[in-house]
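Subject: Structure handover

Hello,

Here is the structure I promised to pass on. My notes follow below it.

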Amino acid sequence: MNGARLVVAVGGDGTVNEVVNGIAGVEGVELAVVHRGTGGDFVRTFGIPHKLEAALDVVRGTATREIDLGHASYVTWEGREETKWFANAASAGMSGAIAKRVNETGKAMGGKVSYAWSTVTVFAKWRNAQLTVKVDDEQRSGPMYDVIVANGRFLGGGMKITPDAEPDDGRFDVLLIGDISKRDLVMTLPKIYRGTHLPHPKAELLRGVNVEIDAPIPLPVQLDGEQPGTTPATFEVVPRALRLRVP
């Protein structure tokens, strides 16, 4: 890092992910974020402003927070085993396909609308898969649409998917989304943006340090909005691995 003490990420969640993968484990380096992207899910958890001048005030400030990071292992699209850090949230299943569609079709409608429209579009064609999920010593198996492994609270352009997640408590909030219907999605989607969708009869929230996800067929893995590969995948919390500049 050539003696740098502060790295400023100017961009969206994907940019934050790239920077985190460059500085994770480097002693004495702080991260500041100036959001200029689409989703902005990472900064929402910490109240980092989206407006430029307010975000720059945070960059120039001195308040920091030590937060956890996630370390993921998965299979690349080329079939190699690979590891990568993530700061906000990972997942396996439908949300990986949703993020892929958003990135491929563009974000001209803005983050919230682009993700909401892609969610409905992908869900209409998606078929749930038999998943096996292990969170520390607890194991669940059955038909699921998605498994969210969250460090932060927001996903998909402002969905407050894990409203009680704390990014410095040393645990993931792991949301298992079961065999939901189209009616379930239509009725629940507005509640997700408010963070009032839980408890839900077809979802389960677990908390833990280590998560393993596997399926008979490979499912897309999502890390901070990027899609680097597929299951089988494992996710591990690394406590207080990043110092973030906050308001």
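**The chain overall**

Of the chain's 247 residues, 53% are buried (buried means under 20% relative accessible area, exposed over 50%, and partly exposed in between, with a 1.4 Å probe and protein chains only). Please note that this is a predicted model: local features need pLDDT of at least 70, side-chain atom pairs count only at pLDDT 80 or more, and totals for chains, interfaces and linings use all residues. Residues are numbered from 1 along each chain as its sequence is written, and side-chain values use heavy atoms, with hydrogens and water left out.

Along the principal axes, the C-alpha atoms fill a box of roughly 50 × 35 × 35 Å.

Contacts mean heavy atoms within 4.5 Å. Among contacts between residues at least 6 apart in sequence, 70% join residues at least 24 apart.

The chain exposes about 11300 Å², and carbon and sulfur atoms supply 51% of that area. Accessible areas come from the Shrake-Rupley method with a 1.4 Å probe; for residues, only the protein chains shown count as cover.

There are 28 positive and 30 negative side chains. Lys and Arg count as positive, Asp and Glu as negative; His and the chain ends are not counted. The centres of the two sets lie 8 Å apart, with each charge placed at NZ of Lys, CZ of Arg, CG of Asp or CD of Glu.

**Strands**

The chain has six helices and 13 strands. These are DSSP runs numbered from the N terminus: helices are H or I with at least four residues, strands are E with at least two.

Start with strand S5, residues 89–93. Five of its five residues are buried, so S5 is largely enclosed by the rest of the structure. Two strands pair if DSSP finds at least two bridges between them. S5 runs antiparallel to strand S8 (residues 146–150), joined by five bridges. Here Ala-90 stands opposite Val-149. S5 also pairs with strand S12 (residues 220–223), antiparallel again, over three bridges. Ser-91 has Gln-222 of S12 as its bridge partner.

Strand S1 (residues 6–11) shows two faces. Val-7, Ala-9 and Gly-11 form the covered one. Leu-6, Val-8 and Val-10 form the uncovered one. In a regular strand, side chains alternate between the two faces of the sheet. S1 runs parallel to strand S2 (residues 30–35), with six bridges between them. Val-8 has Ala-32 of S2 as its bridge partner.

**Backbone points to check**

Where are the cis peptide bonds? One joins Leu-198 and Pro-199, with omega about 0°. Pro-199 sits in the loop between helix H6 (182–194) and strand S10 (203–208). Another joins Thr-231 and Pro-232, with omega about 5°. Pro-232 lies in strand S13 (residues 226–245).

Two aspartates come next. Asp-136 has a positive phi, near 50°, and is not a glycine. Asp-136 lies in the loop between strand S6 (129–135) and strand S7 (138–144). Asp-136 is partly exposed, at 30% relative accessible area. Asp-224 has a positive phi of about 50°. The loop between S12 and S13 holds Asp-224. Asp-224 is buried, at 6% relative accessible area.

Best wishes
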